[in-house]
Amino acid sequence: MQNAIKQILKHVGEDVNREGLIKTPQRVQKAWEFMCSGYDQDPQEIIKSALFTSTNDEMVVVKDIEFYSNCEHHMLPIIGKVHVAYIPNGKVIGLSKIPRVVDVFARRLQIQEQLTEQIADAINEALSPKGVAVVIDARHMCMEMRGVQKICSTTVTSALRGLFKQNKKTKDELLSIISSSFNK
């Protein structure tokens, strides 16, 4: 990987022996290993490590989960927030595990549509809840830094399962909670 980074630096016209660039290949490798660490993690293991029996059958929402990913088309950053909701069906998940599941999938080369689906499907598979919803609002640097160059435009995707897809009132409640300014 370090040799590849040196070749990229040379290709764009840089001197790989310049003081500021000597350790860049090592730093870039370390950064990419971290940013792609989701490939080595199993979201089901994370979720199953904190499942608890519960009689709660009301909506649980963890909103404004910040995430950073890289698009698989240009390998440029995707930056945004994820909102995850589910309606328990006898089991709840430790709240800290939801952002961890987001990170597992965000730390892979991604498209936002797939990221949204993967998070919803992982939670749905592990919990078998009455419903799962994932909404992502993100900025794509491939749209801002190059190409169309539309600064601060966002893309919103959703994945709805169970009651969130079947019941308009449940979906509307979720959207109201997501758009609220609790704790702000």
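Two strands count as paired if DSSP finds at least two bridges between them. With that in mind, this briefing looks at a predicted model, in which five strands form an open sheet in the order S5-S2-S3-S6-S7 with mixed pairing. Strand S5 (109–110) and strand S7 (155–162) stand at the edges with a single partner strand each, so one side of each has no neighbour in the sheet. As background, strands of a sheet pair through backbone hydrogen bonds, and they do so either parallel or antiparallel.

**Strand S3 and its partners**

- Strand S3 covers residues 77–87 and is mostly covered, since eight of its 11 residues are buried.
- Strand S2 (residues 60–71) runs antiparallel to S3, and nine bridges join the two.
- Two examples of facing residues in this pair are Ser69, which stands opposite Ile78 in S3, and Glu66, whose bridge partner in S3 is Lys81.
- S2 and S3 form a hairpin with five residues between them, and in the turn Met75 has a positive phi of about 55 degrees.
- S3 is also joined by 10 bridges to strand S6 (residues 131–140), and these two strands run antiparallel; within this pair, Val82 stands opposite Ile136 in S6.

**Helices packed on the sheet**

- Helix H5 (residues 112–127) packs on the sheet, where it touches S2, S3, S5, S6 and S7, and its direction makes about 25 degrees with that of S7.
- Helix H8 (residues 168–179) also packs on the sheet, touching S2, S3, S6 and S7, while its direction makes about 70 degrees with that of S2.
- From its first C-alpha to its last, H5 reaches 23 Å with its 16 residues, which is close to the 22 Å expected at 1.5 Å a residue.
- Among the buried residues of H5 are Leu115, Ile119, Ala122 and Ala126.
- An α-helix has 3.6 residues a turn, so residues three or four places apart point the same way.

**Asn70, a residue of strand S2**

- Asn70 has its place in strand S2, and it counts as buried because its relative accessibility of 7% lies under the 20% cut-off.

**Cysteines**

- The structure holds zero disulfides.
- For Cys71, the closest cysteine sulfur is that of Cys142 at 4.0 Å, which is too far for a bond, because a disulfide needs the two sulfur atoms within 2.5 Å.
- Cys71 counts as buried, because its relative accessibility is 5%.
- Cys152 is likewise in no disulfide, and its nearest cysteine sulfur, that of Cys142, is 14 Å away.

**Ala4 in helix H1**

- Ala4 is found in helix H1 (residues 2–11), and with a relative accessible area of 42% it is partly exposed, because this value falls between the cut-offs of 20% and 50%.
- The C-alpha atoms of Ala4 and Pro25 are separated by 8.3 Å, although the two residues are 21 residues apart along the chain.

Terms used. Residues are numbered from 1 along each chain as its sequence is written. This is a predicted model: local features need pLDDT of at least 70, side-chain atom pairs count only at pLDDT 80 or more; totals for chains, interfaces and linings use all residues. Side-chain values use heavy atoms; hydrogens and water are left out. Buried means under 20% relative accessible area, exposed over 50%, partly exposed in between (1.4 Å probe, protein chains only). Helices (H or I, at least four residues) and strands (E, at least two) are DSSP runs, numbered from the N terminus. Contact means heavy atoms within 4.5 Å. Axes are lines fitted to C-alpha atoms, for helices over the stretch in contact, and angles run from 0 to 180 degrees between N-to-C directions. The expected span of a helix is 1.5 Å times one less than its number of residues.
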